[in-house]
Amino acid sequence: MEQKKRNIPKIVMIVSVIMIVISMIGSYLLMTSGSTVKVNDLNITIPSGETIRVYEYRPDSATVENPAPAVVFSHGNDSTLQSHQEYAIELARRGFVVFALDITSAGHSSQVSSTDTVGFGVYDLVDYIYYSLDYIDNSKIGIAGYSKGGNNVYDTMQAYGVEQRETPDTYVKRVSSALMIDPMFLSSEGFATDINVGFECGFFDPFNNMSFAPVEGYLPGDLTVRSEMKQFINFGAPGTFTEEEVNDPNVKVEIGEVYGSIEDGTARIVYNPENMTHASGLFSVEGIRDCVDFFEKTLGAPNPIDPSSQITEAHKFFRGLGMVGIMLLIAPLAIMLIDSKPFGALKNPVGESCILLDTKPRKAYFIISGIILSFIVPLSAPAFRAIPSSIMSLNGTAGVNEVFLNSWQNGTTSWLFINALIMLGFFIFTYNVFYRKRNIMLSDIGVKASVGGVIRTILLAVTVFVILYVIVCFADYAFKVDFRIQDITWQVLSWDHLWHALTYAPFFIFFWIANSMVMNGLDRIKGMKEWKNVLICIIFNIIGIIIVLIVHYSKLYSTGAGLDSPGNWKVYTTMLLFIPISIIGTITTRAIYKRTNNVFIGAVIYGLPATLFTTAVMMLPDYLY
């Protein structure tokens, strides 16, 4: 039996590696449509001198002899060019050449300190394609963007409008169609008049609450009755709705209907995906369906496929499989190194559990305190996230400073840090009430450290991190794939972004140290099977989040508004993403604790990659956006 237990890390390691390999191959085959689409990693210098990184998805059918239509796709805030890869895949397999860029200050593009570039690189990328690439039909170039990317499309269209009005003799039409997906809505009155335009916003997107005037009797997300949508259509096809009809909710916009003329460049199309929230829009089957439909209608697809026929679910599965594989690899990799000579001094198998739930008060305290801690995490998020806005300011922008440039990550970090302090306080109280009186020392439950141990732990954590990062680099270099569960991702970063991401590591590590002190130092129940004990720890870590999310999304899907203000939608998305991170973190820190009898080692080892899981998609400096 003991031998079988010792083999578990090896088995988990083998399974994890298999998952990662399958993920790379499966993602690559789907991304390239079975090797019929070539993915090129480009770095393009734009007139401002900045460099933008672009993934070009070029179907084999796009040649000089047979030029193809093209689509430029811009991601939004706290995203990179890989974030919306499903959109690119579906367009490319239909024959479009797709150019997905890291907008300036995101991913591998230049880190900028101003907003001088129109559309954060979109405008200049279109010019590069229009004037430089002979395998592109430059009479059929489209642009699209999601969230902030949709506003990048808006800015680019405004720039074209200015050119058309102020310099009509030199104005060149470089774009034939433009689609804005889930942006903050702005009037399209200043757009160039000869470009087909689409607007897409999910029925349960928070920006519906924030951008549009409410219509009595209708949910906020219903675009069919929005006066703003009727005005949007009228700017392209004047007279479609009379002034009375614009404000009459009984006169409805037909979703997906072409208003105006595609041939004349006056077409306007409104999309309203039925079940799409802002977070799910990154990979929503409905959102992708409508994006494909728009460009098939306005540009014409060389290889027309029904927009509802997609491979996105399979691609998400393979990307997620690799992400889970990477996360599961942390513990067995660390254990293998702990068993080696350089880190052998950290090995110290844990002894018998200390806590004995032998009385009703102890059982009640154990259960009630665990549940209370579980609910503090989600319920405190809106308040604790706002802390950086009151203590940080850079260039008049609240929530950031010279070191911590990303406002969302600063908010998330403050939330985790305060919760870590709460857990630490709980640990101190519980230890003094239940352990110290029984002459159980801190070292007996793994709360111990030495100078040599700290140095070895840091070296071990760095070693594990580097090995995992090399795997990610190989996936990026050899297959152009990353590992991802929505915004939980591990991808290759530029050195600037990697450095800024890792500045958050001490805070994430502190959170996992506090969590490990409670879950491993305290919540080890004498006489209980280990798997049951670990399961209880997992439940304590996530049950509060799950219940709060159930209430939030139930309310959202029934009323169009969740528990909080629409502007705090990302708080609940972060909670959702924290569930798998927390599950893997609980398992990982427990496995390493069992090998070392130390609550700190596993927390440091897991906290380092966990930092990257949550910061890899951030943009710098965030306050520009």
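**Reading strands, rings and cavities in a predicted model**

Trainee: I see that G145 stands opposite M180 in β6. In which sense do β5 and strand β6 pair, and over how many bridges?

Mentor: Two strands pair if DSSP finds at least two bridges between them; strands (E, at least two residues) and helices (H or I, at least four residues) are DSSP runs, numbered from the N terminus. Here β5 and β6 (residues 177-181) pair in the parallel sense, over five bridges. Before we continue, note that this is a predicted model, in which local features need pLDDT of at least 70 and side-chain atom pairs count only at pLDDT 80 or more, while totals for chains, interfaces and linings use all residues. Residues are numbered from 1 along each chain as its sequence is written, and side-chain values use heavy atoms, without hydrogens or water.

Trainee: Which residue stands opposite G145 in the pairing of β3 with β5?

Mentor: That residue is S74. Strand β3 (residues 68-74) and strand β5 (residues 136-146) also pair in the parallel sense, over six bridges.

Trainee: How many aromatic pairs does the structure hold?

Mentor: Rings of Phe, Tyr and Trp (its six-membered ring) pair if their centres lie within 6.5 Å; planes under 30 degrees apart count as stacked, over 60 as edge-to-face and the rest as tilted. The structure holds 36 such pairs. Y130 and Y131 illustrate the rule: their ring centres are 4.8 Å apart and their planes stand at 80°, so the pair is edge-to-face.

Trainee: Is Y130 buried or exposed, and is Y131 buried or exposed?

Mentor: Buried means under 20% relative accessible area, exposed over 50%, and partly exposed in between (1.4 Å probe, protein chains only). Y130 counts as buried because its relative accessibility is 18%, whereas Y131, at 53%, counts as exposed. F203 and F204 form another edge-to-face pair, with 5.1 Å from centre to centre and 65° between the planes; both of these residues are buried. Rings may also gather: W415, F465, Y469, W490, F511, W512, F578, Y606 and F613 form one aromatic cluster.

Trainee: Which residue lies over the face of Y135?

Mentor: A charge sits over a ring if NZ of Lys or CZ of Arg is within 6 Å of the ring centre and within 35 degrees of the ring normal. R58 lies over the face of Y135, 3.5 Å from the ring centre. Likewise, the charged end of R268 sits over the ring of F232, at 5.9 Å from its centre.

Trainee: How much space lies in the largest cavity, and which residues are the closest to its centre?

Mentor: On a 1 Å grid over the protein atoms alone, a cavity is a set of points where a 1.4 Å probe fits but cannot get out; a pocket is an open set with protein on both sides within 12 Å along at least five of seven lines, and lining residues have an atom within 4 Å of a point. Points are joined across faces, edges and corners, and a volume is the space filled by probe spheres set on them. The count comes to five cavities of 30 Å³ or more. The largest cavity holds about 250 Å³; of its 19 lining residues, W408, T412, T574, L577 and T614 are the closest to its centre.

Trainee: Which helix supplies the largest share of the lining of the largest cavity?

Mentor: α17 does, with six residues. α12 (407-435), α15 (505-522), α17 (569-596) and α18 (599-615) each supply at least two. This lining divides into 11 nonpolar, five polar and three charged residues. Ala, Val, Leu, Ile, Met, Phe, Trp, Tyr, Cys and Pro count as nonpolar, Asp, Glu, Lys and Arg as charged, and the others, Gly among them, as polar.

Trainee: What volume has the second largest pocket?

Mentor: Its volume is about 620 Å³. Of the 30 residues lining this pocket, N77, D78, F207, W569 and K570 lie nearest its centre. Two or more lining residues come from each of α4 (148-166), α5 (206-211), α12 and α17, with α17 giving the most, three residues. The division is 11 nonpolar, 12 polar and seven charged.

Trainee: What is the phi of D78?

Mentor: Most residues other than glycine have a negative phi, and most peptide bonds are trans. Phi of D78 is near 50°, a positive value. D78 is found in the loop between β3 and α2 (85-92), and counts as buried because its relative accessibility is 6%. Q486, in the loop between β11 (483-485) and β12 (488-490), also has a positive phi, about 55°; Q486 is buried, with a relative accessible area of 15%. Finally, the peptide bond from L620 to P621 is cis, with omega near -15°, and P621 is found in the segment after α18.
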